[in-house]
Amino acid sequence: MALVRQRLLNHGLTMETRHSYSSPDQFQKQGRSQTPGGPPLPTGLELGNSISESAMDSLAESLENDSTSVAHVIYHYAGLLFGSLSPGFKSDKLLVDKNAETNSYDPVKIPVKNDTLKKQIYDLAFSTLKYQALLEEILLDSGYYSYDMIPDENHQPIMVILCNMMQRHFVKRRQMGLESTIPYIQEIEEDLNKHLVRLNAALARNRIKFQARSIEHLLPVKVREREECGVQLPTYAWINQLRISVPEAVDALREEGYSRVSSIERLHDDGFLQDENCSDVVAFPAGSRERLEETDLVKGGHLIIQDKVCCLGPHSVTPLISEGDDVIHVGVGSGLTTAHLATLTDSFNSTVYGFGVRDNEQLEELQERASHYGITNLKYIPENFLEVQHTDPRLKNVKAVLVTPPDSRSGLLNPVEFIMKEGEDLSILKEMSQESFDTEKINSLVVDQMDLLKHAMKFPKVQVVVYATLSILEEENESVVTKAVEYTNLRTPGTKNPYKIIAPTVPLSPKDLECHPATSRFLKIAPSSSTGGCFVAVVSRQDQAMSASDILARAAAKGLYSLSAEGGDLLEGETVDEAVERKMKRKSPRNKQKSIQKLIRSSKSSHAAEAGHGHHANRKATSPTRKPVKKTKPVRTASTMFAHHFERREHMSEPKLKLQPYGVPLTKVALIRRTSKVDIIPPHKETMDHPKPFI
């Protein structure tokens with residue numbers, strides 16, 4: 001009994017005796033429910049109330065005998081969630097009580113801790129939202145609701161129970177052994193069971209009317225297409241390289257019984273695929289989450305389950321930072337994206353600062369998760385990012401900002417899975433259950449997105465800002481980025497460091513290049529059966545000036561400039577930075593500027609050759625018609641940092657897994673020009689059509 005009582009506590013169930021049960025939030029004072037073959041059981045489940053000893057013992061006994069005894073709990077909480085998210089009646093045949101009070105339940109505070117039970121509640125509430133119009137029509141067509149009836153407070157549980165019956169093809173639910181019941185749920189369920197035949201006939205008439213092969217074909221077109229893609233969507237996870245290397249993770253997966261496949265079309269029950277865009281991301285077949293969660297890799301924090309679209313933001317930042325550059329992440333959410341960014345930048349000796357923590361409770365959870373993953377270069381700042389000063393000494397070394405703002409999540413395919421993993425607001429279930437999105441909500445989100453992006457670009461030392469959303473709406477993506485860049489550049493007239501939108505920095509495969517031409521300034525992915533929809537934009541400060549010592553010190557650290565003790569460059573106990581400063585003091589201003597420019601030119605040509613730019617780079621370097629270099633301040637741009645990144649990626653995975661820039665043959669990558677732009681020659685120009693829009 002003690003073990004079952006603990007299981008009950010783990011479910012997060014709460015009980016108390018109420019004075020009546022005329023509505024979902026009221027129960028009988030002395031009510032008892034006689035279950036088949038068992039003694040009377042206590043009544044009532046309510047949010048946030050304490051559990052009496054007798055109620056705990058009786059419900060624990062029923063859980064011990066029958067694991068399905070929580071069905072009424074699912075109906076109760078799913079009804080509350082549906083009632084708080086429902087936009088109102090969709091059928092104009094149902095009368096509305098103008099004097100009815102608005103439901104005040106907060107859907108976020110459903111006190112259920114067991115993930116399996118919580119997911120069942122979310123799934124049932126979401127299904128009821130999707131089929132709301134059909135369910136209301138069934139209630140009217142069957143005669144269960146009269147046409148002059150005003151639905152009362154029991155309408156929400158009626159809807160969720162009817163939806164569950166429809167999913168079971170109106171087969172009566174079996175009650176095995178002792179089962180605890182909630183009186184008002186029990187009464188509604190029994191009443192609906194009396195009308196099973198008429199309810200089923202009403203559904204059949206609707207299918208005939210709309211010539212629907214299944215109930216899924218009665219859904220709105222866009223909702224049904226999202227549903228069909230979501231069923232096939234693979235399960236993605238990223239490898240925590242602080243715990244295990246990519247080759248070691250591949251070997252560990254094989255020991256777990258998985259086999260590596262060459263394409264996502266060949267994924268099977270025991271297969272996995274290493275992603276082409278993100279070298280530390282692996283894909284598994286749809287529906288394999290539960291099996292993965294039982295592996296030692298996931299339990300030990302070596303493999304973190306997260307959708308691929310959430311991984312593109314961190315992978316867009318890492319090519320653009322250098323040794324010692326700190327990074328800000330705005331919008332930590334569940335902390336998984338922030339943790340991924342921290343693992344990717346750990347080898348750069350970078351510190352990641354996370355903004356967007358809701359409260360102290362969430363802060364403790366985030367810190368505990370970071371510790372479990374072995375992350376030490378991550379600091380959460382509970383302050384509002386918009387209130388942080390640009391001269392804050394804590395952020396003096398920040399050179400990059402990743403902004404993942406709240407958005408409509410219109411690119412999601414499995415919103416329930418996303419909520420379970422990312423801890424998102426349940427209100428997205430309402431949006432995803434409809435064909436169109438709330439215009440007023442989108443406008444409000446756009447204002448917040450603009451404020452965050454503009455504030456990120458005001459930091460004086462920030463050289464690159466990455467803006468990533470899970471939206472496919474242009475007003476949240478291209479429009480926000482374009483307007484924010486124009487606003488920032490106009491607010492600083494005559495500046496030497498204007499911001500500019502540059503090409504995506506995530507390596508793209510030849511297949512990706514067919515959908516993303518070389519001239520594309522954004523990375524846009526439409527929802528499909530292989531991935532959800534997302535948007536990534538990279539904004540770079542084009543002419544960021546650096547001190548001479550900073551350039552030479554970084555060059556020496558990369559092996560492009562010789563500073564050694566054997567050669568007499570380093571004095572005893574002297575660091576590289578100190579040696580650079582000492583050497584620079586010996587040079588005249590004119591000679592100093594010439595040496596810096598010479599170093600920058602050699603750095604670019606060296607990296608062009610090392611990155612595999614081939615004869616294009618050599619031909620450019622030896623061209624007799626080359627224009628003389630202007631005597632301007634040295635530059636350090638995001639594009640040159642992108643070239644440097646592929647050399648450093650050797651530390652992140654073994655050489656055989658290293659991706660070439662943009663994932664195309666070396667002969668297809670053009671020279672990184674002095675204008676700091678990357679020109680990509682597509683493999684087949686005739687195939688570079690824009691992708692067809694989703695839905």
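In the predicted model, asparagine 377 is in contact with Ala342, Thr345, Asp346, Ser350, Thr351 and Val352, when its neighbours within four places in sequence are left aside. Asparagine 377 lies in the loop that runs between helix α15 (360-372) and strand β10 (378-381). Its relative accessible area is 8%, under the 20% limit, and the residue is therefore classed as buried. From this position, the side chain of asparagine 377 reaches the backbone oxygen of serine 350 at a distance of 3.0 Å.

The chain as a whole contains 25 helices and 17 strands. Of its 695 residues, 52% are buried. Among contacts between residues at least 6 apart in sequence, 76% join residues that are at least 24 apart.

Five of the strands form an open sheet with mixed pairing, in the order β4-β5-β6-β3-β7. Strands β4 (259-260) and β7 (303-305) are the edges of this sheet, each pairing on one side only. Within the sheet, β5 (residues 271-274) and β6 (residues 281-284) run antiparallel and are joined by two bridges. Glutamine 274 stands opposite valine 282, a residue of β6. Helix α14 (residues 336-345) packs on the sheet, where it touches β3 (235-239) and β7. The direction of α14 makes about 40 degrees with that of β3.

In soluble globular proteins, nonpolar side chains tend to be buried together. The largest nonpolar core in this model comprises 139 residues, of which Ile328 and Val481 touch the most other members. Helix α3 (residues 71-85) supplies the largest share of this core, with nine residues. Apart from its neighbours within four places in sequence, isoleucine 328 is in contact with Tyr353, Phe355, Phe385, Leu395, Val398, Ala400, Val401, Leu402 and Phe459.

Because 14 of the 15 residues of α3 are buried, the helix is largely enclosed by the rest of the structure.

Terms used:
Residues are numbered from 1 along each chain as its sequence is written. This is a predicted model: local features need pLDDT of at least 70, side-chain atom pairs count only at pLDDT 80 or more; totals for chains, interfaces and linings use all residues. Side-chain values use heavy atoms; hydrogens and water are left out. Two strands pair if DSSP finds at least two bridges between them. Helices (H or I, at least four residues) and strands (E, at least two) are DSSP runs, numbered from the N terminus. Contact means heavy atoms within 4.5 Å. Axes are lines fitted to C-alpha atoms, for helices over the stretch in contact, and angles run from 0 to 180 degrees between N-to-C directions. A nonpolar core is a set of buried Ala, Val, Leu, Ile, Met, Phe, Trp, Tyr and Cys residues joined through side-chain atoms within 4.5 Å. Buried means under 20% relative accessible area, exposed over 50%, partly exposed in between (1.4 Å probe, protein chains only). A polar contact is a pair of N or O atoms within 3.5 Å; within protein, one must be able to donate a hydrogen and the other to accept it, and residues adjacent in sequence count only if both atoms are side-chain atoms.
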